Amino acid sequence: TLFPTNTPSSDVEQVDGQIRVVHAWRTNNSVPVDVFIDDMPIAFGLNLGESTPFIAVSGARTVRVMLVPPATRQNDPINNTELVNMQAPLIDQLVEVTPGSSITLALIHTGEDLEGMVIEEDISSLETGQARFTIAHANGNLIRVDALEPGRDMTLARNFAPGDTIGPFD
């Protein structure tokens with residue numbers, strides 16, 4: 001699954017850092033997640049293959065990212081109320097966001113556990129007609145692989161394992 005970035009076409013003075021969350025947990029047990037950054041709800045029911053928009057983070061600071069399965073709701077007919085049962089977080093992780101940085105936290109399964117993979121993105125300007133990409137191995141059900149670029153007959157990485165990232169490449 002490809003997730004677009006927001007690489008500007010010219011230099012942009014960026015004071016704030018930014019962070020987004022990508023749901024890349026691909027197993028038979030994967031569920032949508034609710035996303036909270038510093039206890040503020042960012043997205044509800046984020047499905048596999050979806051991402052949140054980038055959220056600005058002012059100053060250099062550590063943010064708390066929680067990814068939680070959606071709460072269950074039940075009606076209490078006796079008290080005529082709705083009961084909300086919060087689930088335990090799948091990920092409760094501190095992430096450093098520095099001024100001018102662009103961070104993606106990807107929810108992945110490495111084959112053993114769920115993990116929040118921190119990917120620092122390069123958002124510096126590119127020449128017209130150029131693109132930039134980073135590759136992340138986010139599927140713990142797959143084997144180690146070699147990452148190849150056949151057009152240039154290049155090997156980008158060998159023995160690329162779940163949880164590994166390579167790049168960025170321009």
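**Notebook: strands, cores and selected residues**

I began with the pairing of β2 (residues 33-37) and β5 (residues 61-68), and found 4 bridges joining these antiparallel strands. Strands here are DSSP runs (E, at least two residues; helices are H or I, at least four), numbered from the N terminus. Two strands count as paired if DSSP finds at least two bridges between them.

I noted the basis of the entries: the model is predicted, local features need pLDDT of at least 70, side-chain atom pairs count only at pLDDT 80 or more, and totals for chains, interfaces and linings use all residues. Residues are numbered from 1 along each chain as its sequence is written, and side-chain values use heavy atoms, with hydrogens and water left out.

**Entry 1: the sheet**

I looked up the bridge partner of Phe 36 in β5 and found Met 66. I then traced the sheet: 4 strands lie in the order β3-β2-β5-β8, with antiparallel pairing, and the sheet is open. β3 and β8 (91-97) are the edge strands; each has a single partner, so one side of each lacks a neighbour in the sheet. From one strand to the next, the twist averages 20 degrees; axes are lines fitted to C-alpha atoms (for helices over the stretch in contact), and angles run from 0 to 180 degrees between N-to-C directions.

**Entry 2: the nonpolar cores**

I searched for nonpolar cores, meaning sets of buried Ala, Val, Leu, Ile, Met, Phe, Trp, Tyr and Cys residues joined through side-chain atoms within 4.5 Å. Buried means under 20% relative accessible area, exposed over 50%, and partly exposed in between (1.4 Å probe, protein chains only). The largest core has 19 residues, of which Ile 19, Val 63, Val 65, Leu 67 and Val 95 touch the most other members. Two or more residues come from each of β1 (17-23), β2, β3, β4, β5, β8 and β9 (102-109). Another core lies apart from it, with 7 residues that include Val 22, Ala 24, Ile 108 and Ala 138.

I listed the contacts (heavy atoms within 4.5 Å) of Val 65. Leaving out residues up to four places away in sequence, Val 65 touches Ile 19, Val 21, Phe 36, Ile 37, Ile 91, Asp 92, Gln 93, Val 95 and Leu 105.

I found Thr 52 in the loop between β3 (40-46) and β4 (55-57). Thr 52 is buried, at 4% relative accessible area. Its contacts, not counting residues up to four places away in sequence, are Arg 20, Val 21, Val 35, Ile 42, Ala 43 and Leu 46.

Thr 27 sits in the loop between β1 and β2 and is also buried, at 17% relative accessibility. Its side chain makes a polar contact of 3.0 Å with that of Trp 25. Such a contact is a pair of N or O atoms within 3.5 Å; within protein, one must be able to donate a hydrogen and the other to accept it, and residues adjacent in sequence count only if both atoms are side-chain atoms.

**Entry 3: aromatic pairs**

I searched the whole structure and found 2 aromatic pairs. Rings of Phe, Tyr and Trp (its six-membered ring) pair if their centres lie within 6.5 Å; planes under 30 degrees apart are stacked, over 60 edge-to-face, and the rest tilted. For Phe 36 and Phe 44, the centres are 6.3 Å apart and the planes stand at 85 degrees, so the pair is edge-to-face. Phe 36 is buried, at 13%, whereas Phe 44 is exposed, at 59%.

The rings of Phe 133 and Phe 169 have centres 5.3 Å apart and planes at 35 degrees, so this pair is tilted. Phe 133 belongs to β11 (residues 133-136) and Phe 169 to β14 (residues 165-169), so the pair ties together parts 36 residues apart in sequence.

I located Arg 132 in the loop between β10 (114-121) and β11; at 12% relative accessibility, Arg 132 is buried. The side chain of Arg 132 makes a polar contact of 2.5 Å with the side chain of Asp 170. A polar atom of the Arg 132 side chain also lies 2.8 Å from the backbone oxygen of Ser 124.

Arg 132 and Pro 168 are 36 residues apart in sequence, and their C-alpha atoms are 6.4 Å apart. Pro 168 lies in β14, and a cis peptide bond joins Gly 167 to Pro 168, with omega about 10 degrees.
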